[in-house]
Amino acid sequence: MSITPLSSDKLYRASELNGLAADCKSTKNLTPLDEIVGQERAQQAVEFAMSIKEKGYNIYAIGRNGLGKRTMVLRYLNRHDPNGNGVPLYDWCYVANFEETRSPKVLKLPAGTGQKFKKEIEKLMLRLVKALPLAFDNEMYYSRSETLKNQLTQKQESSLLTLTNEAKEKSVSLSLTTQGEYQLVALNGEEPHTEESFAKLSEDEQQQFEETINDLEKKLRGIVRQLTELEEEFSDKIQKLNEEVALDVVVHFIKPLKEAYKGQSEVKAYLTAMQKDILDNLDIFLEESEEQVALAYAALDKKMPRRYQVNVVVSQPDQKFPIVVEDSPSYHSIFGYVENATYKGTVFTDFSLIRSGSLHRANGGVLLMDAVKVLERPYVWDGLKRALRARKLNVSSLEREVTLSGTISLEPEDIPLNVKIILFGDYQTYQLLQHYDPDFSELFRVTADFEDEMPRTDESEVQYARFISSIVNDSEMLHCDRKAIARIIDYSSRQADDQNKLSLHSADIANLLRESNYVAKSSKATMIRANHVEQALQSQEKRVSRLRDHVMQTFTNGTTLIDTQGSVVGQINGLSVISTTDYQFGAPNRITATTAYGEGEVFDIERNVKLGGRIHSKGVMILSAYLASIFGKAKKIPLTTHLTFEQSYGGVDGDSASMAELCAIISAFSGMSIRQDVAITGSMNQFGEAQPIGGVNEKIEGFFDVCGIKGRQPTQGVIIPKSNAHNLMLRKDVVAAVEKGEFQIWAISHVTEAIEILTGKPAGTVSDDTAYPLDSVYGQAQVKLNALRL
């Protein structure tokens, strides 16, 4: 035969590490890579977005899990100073709004000064709590207040004395009852009249007394009003005295603070408002009303009134560019919330119970989140869009937004928002957001598209070796020797299913290194060597290969029928890949074709019983078109063909069996038998050209294993499309078998080459009179078809 099998050196590309210096013996000699390998496109997108400060230039990082998206972005952000163009950072504090307690005010302080300001206010309050009571507990204050009290008493006594004397002249006494009320009583000499003695008086005398008392009562009412005014005047004077005394104390303590913050108008205005409020609420400091004072100090560690606390919601002590990763993006964890406190059965809240969210902490910097988690949580996505559009951060009560109840809550002042959001997600989520949310493309204008693989060159292998070194150093593992590095690079190439590519699925590499490190340490080795990597790979496979072992068992005990020797008409060994969530393996499938007199249709049993997928059905239609082009140009093919996957009880999809199916049909047409020691995989087009398929390594290894079960023969082998040759990264036992001549792999470019290998005869080339040579496979088929046509 003119078609020669592939040599063993074409089946596996071993890493030589030609780019590494000869004296580089292990990862210890390699400089760790401080970026993720092979993601230049994504990195440029991140750099571009970070350098633009306008609204809407947030980032959506696309790529499947395990590509190291978050690691790359964090490394980039930590390495470069994205704040190089000097966006100022601030500390944000909530303080009481003394005019409207439901709307706490925001104070903007230079980064790193929030906690200092809080401590200074606490110190001020502790001093006032001690100093104010002392200011009212001294002889000078007592003497001034006593003087005011004496003045009041004198005026009260003077006003009442005149009326008392006037009443006495008219035989009426003015007295004060035990209830504190003034009483006018008619006198009988020196003693008050009793009811009996008053009744004995004449009517004129009684009437005169009543008129006198009525007249005196009017005057008394005027005097009582005057007394009330005097008391109010006294109260005002005492209040003024108290304020004067307190003002001296408060000004003395607050003046240095005002001086320290004179450049910050917001802080200065707050201190002025606080000074006025302290004077208005002296009773809190002087502890006149126990209940009020208790509530004022409730649930606090420090002995200071709640209303003068400073609640630092964001503090940037080291003035470092904020990089926040939110792993659990709920509404409260992102936007903050207001807590409630309970004191003696009373539930209350105030500005000191406002808690920050990750957006607060990331303000001025970057917030990184998982897109799916953001979309899963109720109200988070809408809240995020609202905040990004308005560029304001509002601590609103979620309960108030989602219920109809009128629960009283705080309405804190908004904080200006200047943040970059980086969402990590897969392509499907990205498409859904693009399609269903018109705001998405407006707010996330930059897409960082992460690669799955990179070209495999000497230079990229060196980069990959440095990447391995960075994982080893970051996780403090044992170092890898040169052969272990090469083996890991080979594994990466196998993961990429390409000799000329390396997989960028960094999670797989990191897991393999961790497991190899465990194996090496268990065997008391001082370094990770190639055999430790092999052991780790074997144990990885053993953990996930239960289904493969079960399938192979069916070949061992004969449950699944397969021939790996001899030849049969209309029967061929196709190859398929079976996948679980974390593992895939190959296994051969018997495909059979039978013919009967008919109209030339190919009757796909899988499709008719709804076990065949759309792509499989398309493959059958394509091979039908090819059949028609070689045998039915002049006349209809007088055969109906029935095609099926034997012992297939699940769904069948994909067109990688279309070449195998065509060969089985040609065998049924011509009556020429097909070798059973050869399996075939490959798709084809309408011209019979072989097209590449997936899972080529697994398919070859699956048939190789079944041949081992059924009995190894040196003639056994697999036919694959030539365009899949670069995908070969086969197991070492398969490569060794090919090297010894115990197994073959043919790479073909046209289905006729497969027919030649499988039948041992040329397929045949059509001559001018549309006839094929009689000694060819097509010639034999044509003879039988022509006989049927007659």
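**Cavities, pocket and sheets**

Tutor: The lining of the largest cavity divides into seven nonpolar, six polar and five charged residues. Here Ala, Val, Leu, Ile, Met, Phe, Trp, Tyr, Cys and Pro count as nonpolar, Asp, Glu, Lys and Arg as charged, and the others, Gly among them, as polar. The model is predicted: local features need pLDDT of at least 70 and side-chain atom pairs 80 or more, while totals for chains, interfaces and linings use all residues. Residues are numbered from 1 along each chain as its sequence is written, and side-chain values use heavy atoms, leaving out hydrogens and water.

Student: What makes a space a cavity, and how many cavities of 30 Å³ or more does the search find?

Tutor: On a 1 Å grid over the protein atoms alone, a cavity is a set of points where a 1.4 Å probe fits but cannot get out. The search of the whole structure finds three cavities of 30 Å³ or more. The largest has a volume of about 190 Å³, a volume being the space filled by probe spheres set on the points, which are joined across faces, edges and corners. It is lined by 18 residues, and those closest to its centre are Lys53, Arg391, Asn418, Val419 and Lys420; a lining residue has an atom within 4 Å of a point.

Student: Why is the other kind of space called a pocket, and where does the largest pocket lie?

Tutor: A pocket is an open set with protein on both sides within 12 Å along at least five of seven lines. The largest pocket holds about 1,400 Å³ of space. Its lining has 45 residues, of which Tyr491, Arg494, Gln495, Gln540 and Tyr583 are the closest to its centre. The lining comprises 10 nonpolar, 13 polar and 22 charged residues. Helix α20 gives the largest share, eight residues. Because domain 1 (12–21 + 453–544) and domain 4 (560–788) both contribute residues to the lining, the pocket lies between them; the domain bounds come from an automatic or database assignment.

Student: What makes β8 and β17 the edge strands of the five-stranded sheet?

Tutor: The order of this open sheet is β8-β13-β16-β1-β17, with parallel pairing. Strands (E, at least two residues) and helices (H or I, at least four) are DSSP runs numbered from the N terminus, and two strands pair if DSSP finds at least two bridges between them. β8 (323–326) and β17 (446–449) each pair on one side only, which is what places them at the edges. With four bridges, β8 and β13 (366–370) meet the pairing criterion. Within this pair, Ile323 stands opposite Val366.

Student: How do you know which strands helix α1 touches?

Tutor: Contact means heavy atoms within 4.5 Å. Helix α1 (residues 40–51) touches β1 (59–62), β13, β16 (420–425) and β17, and makes about 155° with the direction of β17. Axes are lines fitted to C-alpha atoms, for helices over the stretch in contact, and angles run from 0 to 180 degrees between N-to-C directions.

Student: Why is one side of β3 and of β7 left without a neighbour in the sheet?

Tutor: These strands belong to an open antiparallel sheet with the order β3-β2-β7. β3 (105–110) and β7 (311–314) each have a single partner strand, so one side of each lacks a neighbour there. Three bridges join β2 (90–95) to β7, where Tyr94 stands opposite Asn311.
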